[in-house]
Amino acid sequence: MGRIRILSDQVANQIAAGEVVDRPASVVKELLENSLDAGAMRIRIEVEAGGRKLIRVADDGYGMNRDDALLAFERHATSKLRTTDELLSIATLGFRGEALPSIASVARVTLETAAGEEAAGTRVEIAGGKIHRVEDTALPRGTTISVSDLFFNTPARRKFLRAESTELAHVTALVTHYALAHPEKQFDLISASHTILSATPVARTAERIFQVFGKETLGQLLPVAAEAPLDRAGLPEPPPWKKDPDQLPRQPGTLRLTGFYSKPELQKLNRNSIYIFVNKRLIRDRLLLHAITEAYRNVIPPTSFPVVLLFLEMPPEEVDVNVHPAKTEVRFRQQTLVHDFVRDSLRTALIKARPAAGFLAALDSQPSASPSLMPPAASPLPGPPRTGLSPWGGVPGAPDRDSILPASSIVLPPDSDPAAFADAETFHLTPRVPSPIPGTLPFDGRSVPDPRSLDPQVWRDAADAFLVPGAATAAGECSATINGSTPYAGDTAAAAALVEAEQAAASLNRLGSLRPLGQLRESFILAAGDDGLWIIDQHVAHERVLFEKILRDRQVERVQRQRLLMPLLVELKPEQMVVFAPIAQELEANGFEVEPFGPQTLAVKAAPVGLEGAELERTLAEVIDQSAADSDEPSRNEGLNRLRTRIAASIACHSAIKVNTLLDSKRIEWLLLELAKTSHPTSCPHGRPIALLYSWKEILRAFHRI
Ligand code: ADP
Ligand code: MG
């Protein structure tokens with residue numbers, strides 16, 4: 001007898017479950033996607049014990065009749081796909097027909113569903129893959145799926161589950177982000193009869209962000225929208241015998257991008273605050289992450305990441321969604337085009353908006369980490385449960401269970417899930433004694449009992465920590481002013497519009513028309529504008545001006561160099577000599593004339609204009625050391641690009657006007673005008689802010705005039 005056996009359906013389903021369902025959040029993801037696919041307008045998610053005990057997703061979608069209700073649990077049973085051709089143009093979130101049988105193989109599942117308006121429905125009970133009961137029952141149209149005792153029959157998997165609060169945080173993050181992608185739908189997330197998120201339908205994403213994250217976060221984000229025709233160039237044409245002569249050439253369609261991106265002052269230590277949706281599907285994608293990082297290069301420090309919410313829309317045939325069992329990865333047919341489109345759209349938006357950093361935001365703009373929104377692809381590491389602060393525990397005066405909290409108030413404890421926190425070392429939720437401010441913004445005026453009944457400060461801090469670095473501390477300082485400015489709480493549309501108007505006002509586009517008032521300690525320029533008082537760091541401002549000029553000059557190969565009266569001898573360590581050789585040519589193109597002078601010495605005969613003496617020596621050493629540190633460039637071209645910006649940044653830094661330098665009014669005016677002409681007057685090439693605006697509104701508030 002041979003050794004090979006066909007696996008039973010039950011075993012096959014459990015194996016598939018290993019890929020599709022690895023924690024409560026992935027069950028929620030599958031159920032939520034099914035509800036969205038069923039055209040639901042209201043989706044209610046209930047969890048108990050972080051989803052280990054119970055996950056229930058109820059929707060008002062088109063439901064199923066009795067036959068479908070039974071078929072749904074068969075492996076590879078789907079209503080969304082018939083042929084492989086359709087796989088190329090899939091418009092639904094699901095298509096593999098794997099989720100329900102996988103979930104049913106590792107949990108106890110009850111499905112209640114009705115397809116018509118008439119009150120005829122079906123109830124199916126299934127546990128560990130076996131159907132226990134099927135009955136007709138009166139139900140309204142829609143589907144409710146309850147999943148209890150997840151992994152009850154796979155103890156090994158159950159062991160991998162983290163603390164309840166961690167699992168709940170993953171579930172919350174997931175629901176929050178689907179809620180962001182579908183502002184027109186109602187989402188409710190309830191944990192142990194406690195409403196965590198309740199988002200009523202709104203017209204625009206900005207309003208949904210306002211509902212979910214609050215005014216402050218929305219205020220830190222700027223909208224972006226771009227469109228580009230999809231060019232089919234470079235794609236293989238079908239062979240002549242496959243071409244349909246009657247068929248008109250298919251329109252390649254359009255690539256569309258909408259979303260929000262953060263101002264440069266908002267920085268994160270990891271990529272967890274970058275959310276990418278492709279055709280409304282939440283995905284993680286290295287290519288797009290790279291495009292986003294590129295857009296922010298030399299605007300924020302290389303070790304920081306922005307907050308970005310990106311919705312990409314393209315014809316379904318342009319993107320292969322069948323790359324990963326959990327459908328969290330995709331492959332684009334025109335990778336470079338999509339990458340460059342995202343990078344350029346974001347960069348253009350940043351250049352156009354030139355968002356000015358506000359005073360308080362800049363004060364707190366230390367990069368901070370955010371918890372992961374999507375469970376990592378790899379299984380979580382096993383290990384003893386670590387003690388961490390639970391968002392539910394340790395908070396003085398536990399939150400009112402009936403109150404509505406912003407979804408972002410769920411903050412993962414720093415050490416509750418080693419895998420999810422691989423790069424979130426500095427994330428802390430520090431509960432503090434609450435002060436009674438009605439800070440939480442109600443999503444739905446009717447359902448909020450009393451904002452004061454929860455610990456607004458604590459929850460706001462948690463919410464802020466989720467997206468706004470350091471805003472938790474700022475909140476304490478400006479709470480009085482915030483209190484005074486929430487008359488529109490409840491009217492989401494008006495509030496969101498107001499925030500957007502404020503965002504638009506605070507732009508560095510006005511730099512050129514500022515009236516310089518003088519210098520502060522011979523280091524900072526003070527200037528008056530219609531919108532308030534500006535403080536400009538003279539060193540970094542000049543640095544930005546020089547940086548962009550050097551890059552421009554290098555591009556057209558017109559770098560100005562100056563001959564030194566005496567060659568400058570620079571001694572290098574042996575490892576520095578090794579790094580120097582491959583970058584020598586680029587240094588020369590940037591105005592350096594350097595020759596070896598003995599085994600460990602370089603003779604510098606000429607240098608870029610403005611770079612002298614010790615600064616010249618420092619620049620060289622800096623460029624060489626940085627080049628040594630980063631040798632893992634993805635491509636040669638990119639390596640060269642980076643080297644160029646590094647050299648430009650270094651020269652700019654070392655030849656820019658220093659602090660403690662007296663400037664006359666002519667020079668100040670010149671500097672402001674030149675700065676206004678740069679594409680990123682917001683931050684220096686290393687990511688520090690250049691100009692801060694103390695807005696007129698802030699001034700009035702501080703003097704208690706509003
Ligand atoms: P897939 O979503 O890949 O088709 P699933 O196993 O998730 O596979 O679901 C199987 C089928 O069950 C779906 O194709 C759909 O027809 C039906 N179904 C599942 N959930 C719902 C729901 N909430 N409303 C209506 N139909 C549903
Ligand atoms: Mg599905």
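Predicted model: local features only at pLDDT ≥ 70, side-chain atom pairs only at ≥ 80, totals over all residues.
1. On the ligand site in general: ligand 1 has 20 residues around it, and the closest are Asn34, Thr78, Ser79, Lys80 and Gly97. Sorted by class, that shell holds 8 nonpolar, 8 polar and 4 charged residues.

2. Now the polar contacts. The side chain of Asp59 puts an N or O atom 2.9 Å from a nitrogen atom of ligand 1. On the backbone side, a polar atom of Gly97 sits 2.8 Å from a ligand oxygen, and one of Leu100 is 2.9 Å from an oxygen atom of ligand 1. As for cover, ligand 1 has 530 Å² of accessible area on its own, and the protein covers 95% of that. Helix H2 (24-37) and helix H5 (99-105) are the elements that give two or more residues to the shell.

3. Salt bridges next: the whole structure has 30 of them. Have a look at Glu207 and Arg204, whose closest N and O atoms are 3.1 Å apart. Glu207 counts as buried because its relative accessibility is 6%, while Arg204, at 33%, counts as partly exposed.

4. Strand S21 (residues 593-596) takes part in two pairs worth checking. In one, Arg561 bridges to Glu593 with the closest N and O atoms 3.4 Å apart. Arg561 belongs to strand S20 (residues 561-571) and Glu593 to S21, so this pair ties together parts that are 32 residues apart in sequence. Glu593 has a relative accessible area of 19%, so it is buried; the cut-off is under 20%. Arg561 is partly exposed at 38%.

5. In the other pair, Lys605 meets Glu595 at 3.1 Å between the closest N and O atoms. Lys605 is in strand S22 (residues 601-608) and Glu595 in S21, so the parts joined are 10 residues apart in sequence. Lys605 is partly exposed at 26%, and so is Glu595 at 37%.

6. There's also a salt-bridge network, linking Glu112, Arg123, Glu125, Arg133 and Glu135.

7. Last, two helix items. At the start of H10, a side-chain oxygen of Asp285 comes within 3.2 Å of the backbone nitrogen of Leu287; the buried residues of H10 (residues 286-295) include Leu288, Ile292 and Glu294. Elsewhere, Leu7, Val11 and Ile15 make up a nonpolar surface patch with about 270 Å² of accessible area together, and Ile15 is in helix H1 (residues 9-20).

How values were computed: Residues numbered from 1 in each chain as written. Chains lettered and ligands numbered in written order. Heavy atoms only, no water. Near = heavy atom within 4 Å. Polar contact = N/O pair within 3.5 Å; in protein donor to acceptor, adjacent residues only side chain to side chain. Areas by Shrake-Rupley, 256 points an atom, 1.4 Å probe, with all protein chains shown as cover. Helix = DSSP H or I, 4+ residues; strand = E, 2+ residues; numbered from the N terminus. Nonpolar A, V, L, I, M, F, W, Y, C, P; charged D, E, K, R; others polar. Patch = residues over 30% accessible without salt bridge, like charges linked within 9 Å, V, L, I, M, F, W, Y side chains within 5 Å. Salt bridge = Lys/Arg side-chain N within 4 Å of Asp/Glu carboxyl O. Buried < 20%, exposed > 50% of the residue type's maximum accessible area, 1.4 Å probe, protein only.
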